[in-house]
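Me: I've got a model to go through, and I'd like to know what stands behind the labels. Could you set each one against its cut-off?

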Amino acid sequence: MASRDDIKFLSNPTIGQKRDKYCRFKRFGIKYIDYKDPDFLLQFVNEQGKLLPRRITGNSLKYQRKIASSVKRARHLAMLPYLTDQLK
Amino acid sequence: MRQYEVTFIVDPVLSDEEIKATLETYKDMLKNEGCEIVHIDEMGLRQLAYPIKRRNSGVYYCIEFKLDALAFIDKLELSLRRDERVMRFLTVSLDKYGVKYNEDKRNGLIGKKKKEEDKKEDGETKSSRPAKAKKATDEKEVLKKVVAAKETLAAVSDDSASAEQEEE
């Protein structure tokens, strides 16, 4: 029989917890999103190159709109693909 | 006076002189119009995310300029569209944050992003560290167990040896 100190949690206590989402632009004071920086924009796009929803990224509406426009600009300049597989 | 930014991709198959000449033509065009050229960013040869006109790479240039006459943008875009050396272009008017961002970028102040990335990486390493520590402790425990087993075995063999001696 193992001692009581070893068995603290029978299930992982972090699984059911909600992680607080926040808008990184508001929190870190980023005012401008550069469309010439594809590495940064890659964070807001899924493996197929589609824009991730606000529900997942946690951005505020203002900055989600800016991201959408800068991703579209980056696509026009062939810095991001319009459609692919396994972007990440 | 508004600040604009025009980014265009030049065909990489052309010779270096021709590529520079395309940049010069647009520079001259802007200068003749009386614009103040703030900065020219030569991003150089980059891989394209998808082929344009059967090319997989392109030479990127970005010219930042100040301009009064809005009608000139149309002229500039028309000449870019007619130019066969230019594969793609995009003209953007910058707001005050964009102007500030570009200034900071030129002065090398855009290291803040990197710091954020570093933080993230630190987080990952932190999460991996305790796992390693756990592994180490596991190994220690296993070693202890092995040692204990050996000791018991030795004790048993000693006992049997002593028993044999007694029989003799």
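Me: What makes H2(B) hardly covered?

Reply: The count of buried residues among the 12 residues of H2(B) is one. A residue is called buried if 20 or more other C-beta atoms, placed from the backbone, lie within 10 Å of its own, exposed at 12 or fewer, and partly exposed in between. Before going on: this is a predicted model, where local features need pLDDT of at least 70 and side-chain atom pairs count only at pLDDT 80 or more, while totals for chains, interfaces and linings use all residues. Residues are numbered from 1 along each chain as its sequence is written, and chains are lettered from A and ligands numbered from 1 in the order in which they are written.

Me: How do you know that H2(B) is a helix, and what is its span?

Reply: H2(B) covers residues 71–82, which makes 12 residues. From first C-alpha to last, H2(B) reaches 17 Å, close to the 16 Å expected. That expected span is 1.5 Å times one less than the number of residues.

Me: Why is Leu76(B) called buried?

Reply: Leu76(B) has 21 C-beta neighbours inside 10 Å, so it counts as buried. It is found in helix H2 of chain B. Leaving out residues up to four places away in sequence, Leu76(B) touches Val6(B) and Met29(B); touching, or contact, takes C-beta atoms, placed from the backbone, within 7 Å. Val6(B) is 70 residues away along the chain, yet its C-alpha is 9.6 Å from that of Leu76(B).

Me: How do you know that the buried residues of H4(A) line one face?

Reply: Down the axis of H4(A), they fall within an arc of 145°, so they line one face of the helix. The arc is taken over the directions from the helix axis to the C-beta atoms. The residues in question are Ile67(A), Ser70(A), Val71(A), Ala74(A) and Arg75(A), and they pack against helix H2 (38–41) of chain A. Turned away from that side are the exposed Leu61(A), Lys62(A) and Arg65(A).

Me: What makes Ala78(A) and Arg54(B) stand out, and is each buried or exposed?

Reply: Ala78(A) has a positive phi of about 60° although it is not a glycine. Arg54(B), another residue other than glycine, has a positive phi near 60°. Arg54(B) sits in the loop between S2 and S3 of chain B, and with 6 C-beta neighbours inside 10 Å it counts as exposed.

Me: Why is a set of 25 residues called a nonpolar core?

Reply: The name goes to a set of buried Ala, Val, Leu, Ile, Met, Phe, Trp, Tyr and Cys residues joined through C-beta atoms within 7 Å. The largest such core has 25 residues, and those with the most contacts inside it include Leu41(A), Ala74(A), Ile9(B) and Tyr61(B). H4 of chain A and S1, H1 and S3 of chain B each supply at least two residues, with S3(B) giving the most, five.

Me: How do you know which residues of chain B touch chain A, and of what class are they?

Reply: By the contact rule, 14 residues of chain B meet 14 residues of chain A. S2(B) gives the most to that side of chain B, with four residues. The side has nine nonpolar, two polar and three charged residues. Nonpolar means Ala, Val, Leu, Ile, Met, Phe, Trp, Tyr, Cys or Pro, charged means Asp, Glu, Lys or Arg, and the others, Gly among them, are polar.

Conventions:
Contact = placed C-beta atoms within 7 Å.
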